[in-house]
Amino acid sequence: GEADKKVSREYIIKAAFIYKFINFVQWPEDAFANDPSVINICIIGKNPFGDAILSFEGKTVKGKQIDILTNIRLSGLSRCHILYISPSEKKSLRRILKTVKNRPVLTISDTDGFAKMGGMINLVTISNRIRFKINVKAAKSAGLNISSKLLRLATELYGKDGEY
């Protein structure tokens, strides 16, 4: 009903962050082997963004068209270029991360401790502002290159130069 459509301001901002991250991440060429013209943003678990994320569907970033895949299953994760792990999947977090480990999938979540656990971008709220922590090591081992511009904006970096 109407209630489901009402998305919090927090998640409207977070959706915009996810969209903007695309410009700061470089995927290896073979990540687009299936279809070089499409970038898939997947949401596993309940979609907290509502239409805020669906509005990016069909937009073009870096010459690729955005596709939003919701209701994705573990077996379909290899199709994702960006994987947002919903708070509803807290219990399966480790299993999800294990499924995409070392694959060129940018993992994003707002669950506490996500970056420490091996997730790549952890969205956090600090004094009412959305910020993020980045696990550099996790991104590198997946073949993803995160721009230094984005790294500089992170409130915390994990796995930089081998330290955690």
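Reader: How many salt bridges does the structure hold?
Author: The structure holds three salt bridges, a salt bridge being a side-chain nitrogen of Lys or Arg within 4 Å of a carboxyl oxygen of Asp or Glu. This is a predicted model, in which local features need pLDDT of at least 70, side-chain atom pairs count only at pLDDT 80 or more, and totals for chains, interfaces and linings use all residues. Residues are numbered from 1 along each chain as its sequence is written, and side-chain values use heavy atoms, with hydrogens and water left out.

Reader: Which residues are linked in a network of salt bridges?
Author: Glu10, Lys14 and Asp110 form that network. Between lysine 14 and glutamate 10, the closest N and O atoms are 2.5 Å apart. Both residues belong to helix H2 (residues 9-21) and are four residues apart, about one turn of the helix. Helices (H or I, at least four residues) and strands (E, at least two) are DSSP runs, numbered from the N terminus.

Reader: And where does aspartate 110 lie?
Author: For the salt bridge of aspartate 110 with lysine 14, the closest N and O atoms are 2.9 Å apart. Aspartate 110 lies in the loop between strand S6 (106-109) and strand S7 (121-126) and lysine 14 in helix H2, so the pair ties together parts that are 96 residues apart in sequence.

Reader: Is lysine 14 buried or exposed?
Author: Lysine 14 is buried, at a relative accessible area of 3%. Buried means under 20% relative accessible area, exposed over 50%, and partly exposed in between (1.4 Å probe, protein chains only). Aspartate 110 is also buried, whereas glutamate 10 is partly exposed at 32%.
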